[in-house]
Amino acid sequence: MVLAHDTFRRRASKDMKRNWPLYLMVLPVVIFYILFCYKPIVGIIIAFKDYKPNLGIWGSPWTSQYGLYHFISFFDSIFFARVCINTIMISLYSLVFGFPAPIILALLMNELRSQKFKRVVQTITYFPHFVSTVVICGMVRQFCLSDGLFNEIGSWFGAQPQSLLQVPEYFRAIYTATGVWQGVGWSSIIYLAAIAGVDSGLHEAAALDGAGRFRRIWHITLPGIKPTIVILLIMQIGGMMSVGYEKIILLYNESIYETADVISTFVYRRGLLEFNWSFSTAVNLFNSVLNFILVFTANAISRKVTETSLF
């Protein structure tokens, strides 16, 4: 055992001496993750305490009910069901409509014969990704006004003008549609790269056998990029309970809380606006545990069904 340990240490030392420039390059990344990702994990302990800034993390007293007071308060809250259901529903909308969109776009762009037109399409679809979320939400707010673009289009079909962001039933569709528009082009890059790795000889052989474009896409291209699709699907399922609060906060208002209020916005209000740091940390920890369970479950199912997994 000692010999094996010494051998590993000598090999590691020799590798570091030989590749020290590479280790030096990765050092800032390691330091970044230690300082901003691993060190803050210690702060999770305030979820089990009645945190007081003047007392600090370690000086603050533990809560009652074995430190689970804030978790029980959240589960008993009238907002618990609402924020969980809204988070799941918005995530499902994004999964059902947002996940296939870049795959379809990548498949369509791959079939374009004109490289010039393909570059134009790529530029147009990539551009929204680089626009600030604040600008995007400002545009959406203007478009959703009673005299905005969406109501102008709706009037062509006889719809009555109304402020769309004041109607709870429309929020999920607006959020999902703008998310797809903003991210579909950028997300298609990885699928285009995966498609480029598919053996072109298979397409040529299928074409000689009389297979059309759609048949080649279905039987060659899609199976060829299936591992990429599965890995990205697992990652998206693992983040289902982490709907970002930035875009929702910029779009929602009190009249649509019943469909727009999600876990992250609830944490934002209770933690930063009401200064209830321990409660918001407990809610966020609960959210993280759910995501952890989801990603492991999705990975296990994928490994059994498709033999492709993230780990």
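Helices (H or I, at least four residues) and strands (E, at least two) are DSSP runs, numbered from the N terminus. By that numbering, Phe275 is placed in the loop between α16 (263-273) and α17. The structure is a predicted model, in which local features need pLDDT of at least 70 and side-chain atom pairs count only at pLDDT 80 or more, while totals for chains, interfaces and linings use all residues. Residues are numbered from 1 along each chain as its sequence is written, and side-chain values use heavy atoms, with hydrogens and water left out.

- Phe275 has a positive phi of about 60 degrees, although it is not a glycine.
- Most residues other than glycine have a negative phi.
- Phe275 counts as exposed, at 55% relative accessibility; the classes are buried under 20% relative accessible area, exposed over 50% and partly exposed in between (1.4 Å probe, protein chains only).

**Aromatic pairs**

- The whole structure contains 22 aromatic pairs, where rings of Phe, Tyr and Trp (its six-membered ring) pair if their centres lie within 6.5 Å, and planes under 30 degrees apart count as stacked, over 60 as edge-to-face and the rest as tilted.
- The Phe74 and Phe75 rings form a tilted pair, because their centres are 6.0 Å apart and their planes stand at 45 degrees.
- Phe74 also pairs with Phe80 in an edge-to-face arrangement, with 5.0 Å from centre to centre and 85 degrees between the planes.
- Of these residues, Phe74 is buried at 1% relative accessibility, whereas Phe75 is partly exposed at 38% and Phe80 is partly exposed at 24%.
- One aromatic cluster is formed by Phe74, Phe75, Phe79, Phe80, Phe266, Phe279 and Phe286.

**Helix α4**

- Helix α4 (residues 69-76) has His70, Phe71 and Phe74 as its buried residues.
- Viewed down the axis of α4, these buried residues fall within an arc of 100 degrees, so they line one face of the helix; the arc is that of the directions from the helix axis to the C-beta atoms.
- The buried residues of α4 pack against α5 (80-98), α16 and α17, with contact meaning heavy atoms within 4.5 Å.

**Charges over rings**

- Lys49 lies over the face of Trp62, at 4.7 Å from the ring centre; the criterion is NZ of Lys or CZ of Arg within 6 Å of the ring centre and within 35 degrees of the ring normal.
- The charged end of Arg269 sits over the ring of Tyr257, 4.9 Å from its centre.

**Nonpolar cores**

- The largest nonpolar core has 28 residues, of which Phe99, Ile103, Tyr191, Ile225 and Ile229 touch the most other members; such a core is a set of buried Ala, Val, Leu, Ile, Met, Phe, Trp, Tyr and Cys residues joined through side-chain atoms within 4.5 Å.
- At least two residues of this core come from each of α6 (100-110), α7 (115-126), α10 (168-196), α12 (213-224), α13 (226-238) and α17 (277-305).
- Helix α6 gives the most to this core, with 6 residues.
- Leaving aside residues up to four places away in sequence, Phe99 touches Ser94, Tyr191, Ile229, Leu232, Leu233 and Gln236.
- A second, separate core of 19 residues includes Ile90, Val131, Ile256 and Tyr257.

**Cysteines**

- The structure holds 0 disulfides, a disulfide being a pair of cysteine sulfur atoms within 2.5 Å.
- For Cys137, the closest cysteine sulfur is that of Cys144, at 10 Å, too far for a bond.
- Cys137 is buried, with a relative accessible area of 2%, and Cys84 is buried, with 11%.
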